[in-house]
Amino acid sequence: MDQRGRLLWADATRGVGILAVVLFHVLIWHHDRDFGEATGAAIIWGPIDSLLGSARMPVLLAVAGIFAARGLLGGWRTRKTQARFVSNYYLYVVWLVIYFAVDAALRFPDFPHVVPSLEDFALQLIVPGTSLWFLMALGAYAVVVGAAVALRAPVWVMLSTGVVLWGVGTFVEMPEMASKMPANLIFFMVGVYFADRLRSVAEQSVRVRLAWAIPFVVASVVKLAPVTGAADATAGLVASLASVPAAIALVSIACAWEPFARAARYLGSRTLVIYVLHPIVIMLWATLLDVAPWSSVMRNPILDLAYPVLLTGAVVVACLAVQRALSLIPSDPLFVPPRRLVPSTQENPTRR
């Protein structure tokens, strides 16, 4: 822990997680969309897409649950529980307005995460339609878990409910982003209810920590098998659950190298900034780039491997630069909820 009592490996895990999110979105929103899925390194990017899809949000949500555990396990009536809901929904609405304004000004053609009309904006105040679902989910999950604790609901009942809701989000037809709300609650609850056990993973021997990666690798290989329907979805759930201790174990090992620990912790303390800004940056790049000359470049396996990685780094740097400029606005309202809305018990959301 540092002097503020924060778990350094947890911040670092979030840093790796947010990089995985940006890379995944660079791939599916730009690389695969604009260059097709038959590029030079397609045989590598396909499995990486699958691995990132299984691990990125489960890991971020579980670590969020670890950080929230102490406050949420105090029950719904605590100020921290209420603050988490208000804070996250405030940020959701603020950035929904920004996404609407950006799309109205630039009119991104055929891009999946936009707010194209006032009617759509009004609907998304309740039913998320962009990657901002993550912010709404964090607020909603705080209400669910806090209320369950106040009602003294057994942990096994809550985890069973989480699995059922995962099934609803996975198998019941509904808007894609909205389906992520019920489908991902289980990972947040794992972080909250098993916070102590997950913390202990980072304290085990290197050999034991390496062993935590085995279930994730096995489940991911099974998920890559040519199966569909319930079998594929179940393999995905197992892989996602296994990714949580695996990520904690591997990142905590990597943190022994100080440069990695410092960089990952820095990004992990700025997940909100990168998360809300990276879709706009990717959309701008994909819109401004002349794809035609690059199509031949993407047939080279080495260049095809390098391009998404380099672009991910550039997107992250751009997000941090934009945030630095936006933070000059008095009170930093785009990243920090007003004090009159959120009790002082809530940490600075920009650094969570």
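Predicted model: local features only at pLDDT ≥ 70, side-chain atom pairs only at ≥ 80, totals over all residues.
Reader: Pockets, then. What volume does the largest pocket have?
Author: About 730 Å³. A pocket is an open set of points on a 1 Å grid over the protein atoms alone, where a 1.4 Å probe fits, with protein on both sides within 12 Å along at least five of seven lines. Points are joined across faces, edges and corners, and the volume is the space filled by probe spheres set on them.

Reader: How many residues line the largest pocket?
Author: 31 residues, with G53, S54, R56, K180 and N184 nearest its centre. A lining residue has an atom within 4 Å of a point.

Reader: Which helix gives the largest share of that lining?
Author: α7, with seven residues. At least two residues each come from α1 (8-35), α2 (42-72), α6 (155-171), α7 (176-193) and α11 (229-254). Helices here are DSSP runs (H or I, at least four residues), numbered from the N terminus.

Reader: How does the lining of the largest pocket split by class?
Author: 14 nonpolar, 12 polar and five charged. Asp, Glu, Lys and Arg count as charged; Ala, Val, Leu, Ile, Met, Phe, Trp, Tyr, Cys and Pro as nonpolar; the others, Gly among them, as polar.

Reader: And how much space lies in the second largest pocket?
Author: About 440 Å³. Its lining has 19 residues, and V16, A20, L52, A55 and A247 are the closest to the centre. α1, α2, α10 (213-224) and α11 each give two or more of the lining residues. By class, this lining holds 15 nonpolar residues, three polar and one charged.

Reader: New topic. How many residues does the largest nonpolar core have?
Author: 96, and W95, W133 and F188 have the most contacts inside it. α2 gives the largest share of this core, 12 residues. Such a core is a set of buried Ala, Val, Leu, Ile, Met, Phe, Trp, Tyr and Cys residues joined through side-chain atoms within 4.5 Å. Buried means under 20% relative accessible area, exposed over 50%, partly exposed in between (1.4 Å probe, protein chains only).

Reader: What does W95 touch?
Author: L132, V276, L277, I280, L326, L334 and F335, leaving out residues up to four places away in sequence. Contact means heavy atoms within 4.5 Å. A second, separate core has seven residues, including L23, F24, A41 and L52.

Reader: Is H25 buried or exposed?
Author: Buried, at 6% relative accessible area. H25 is in helix α1.

Reader: Last one. What is the phi of S331?
Author: A positive value of about 70°, although S331 is not a glycine. S331 is in the segment after α15 (301-326). D332 is found in the segment after α15 too, with a positive phi near 50°. S331 counts as exposed at 68%, whereas D332 counts as buried at 13%.

Methods
Residues numbered from 1 in each chain as written. Heavy atoms only, no water.
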